[in-house]
Amino acid sequence: MRRTLALLALAAGFALPAHVRAEEKEGSTYFKVAMITVDKYSRDSKTVLAPDAPAIYAIYRIVAAGPVKVKAIFWADAVEGLDPRTKLLERTVSIAEKGEFMGAIPALKPANGWPVGAYRVEFFIGDSASKTLSFKVVKGAGAP
């Protein structure tokens, strides 16, 4: 499947985005897509965000082999005014059945805006780390 998508992408004249990597294993649970964006309906992955972004969303698309918990942890790795590796938010979503599911986990803008710096989101399937996404908040970053 991954090879077919890659060949189709190359034939169309573009490469697959780095955040789209199928990790298909028969009978297992895996992420098809994991990305950061500023609109829960957008499928436009962002790595550089503005301090005034109203929310930052960790978007996921998962193939579940059965009941599973998906967890996202937002970290401030090197951010003005915060200790290194500060946990900002942790959310867990329960998926009760087998199938393909999509979701968005929001982190809402702090009262004074997002501090400038480097952040990451770690996705877990059950207790196992599965995906890590990094992004930066930069003054003067373009509108989302």
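Strand 4 and strand 5 (residues 86-95) run antiparallel to each other and pair over nine bridges. Strand 4 also pairs with strand 7 (residues 117-125), again in the antiparallel sense and over nine bridges. Keep in mind as you look around that this is a predicted model.

- Strand 4 covers residues 68-79, and nine of its twelve residues are buried, so the rest of the structure largely encloses it.
- Strands 4 and 5 form a hairpin with six residues between the strands. In this hairpin, G81 takes a positive phi near 85°.
- As you trace a strand, remember that in a regular strand the side chains alternate between the two faces of the sheet.

**The overall fold**
- How many helices and strands does the protein have? The secondary structure comes to one helix and eight strands.
- Along the sequence, the pattern reads α-β-β-β-β-β-β-β-β.
- Of the 144 residues in the protein, 38% are buried.
- If you take contacts between residues at least 6 apart in sequence, 60% of them join residues at least 24 apart.
- The protein exposes about 8,500 Å², and carbon and sulfur atoms supply 54% of that area.

**Salt bridges**
- The whole structure holds seven salt bridges.
- One of them joins the side chains of R61 and E100, at 2.5 Å from N to O. This pair links distant parts of the chain, since R61 lies in strand 3 (residues 55-64) and E100 in strand 6 (residues 99-108), 39 residues apart.
- Are R61 and E100 buried or partly exposed? R61 counts as partly exposed at 35% relative accessibility, and E100 is partly exposed too, with a relative accessible area of 37%.
- K71 forms a salt bridge with E90, with the closest N and O atoms 3.8 Å apart. Here K71 in strand 4 is linked to E90 in strand 5, 19 residues apart.
- E90 also forms a salt bridge with K87, where the closest N and O atoms are 2.7 Å apart. E90 is partly exposed, with a relative accessible area of 37%, and K87 counts as partly exposed at 45%.
- Salt bridges that share partners also join K32, R61 and E100 into one network.

Methods: Residues are numbered from 1 along each chain as its sequence is written. This is a predicted model: local features need pLDDT of at least 70, side-chain atom pairs count only at pLDDT 80 or more; totals for chains, interfaces and linings use all residues. Side-chain values use heavy atoms; hydrogens and water are left out. Helices (H or I, at least four residues) and strands (E, at least two) are DSSP runs, numbered from the N terminus. Buried means under 20% relative accessible area, exposed over 50%, partly exposed in between (1.4 Å probe, protein chains only). Contact means heavy atoms within 4.5 Å. Accessible areas come from the Shrake-Rupley method with a 1.4 Å probe; for residues, only the protein chains shown count as cover. Two strands pair if DSSP finds at least two bridges between them. A salt bridge is a side-chain nitrogen of Lys or Arg within 4 Å of a carboxyl oxygen of Asp or Glu.
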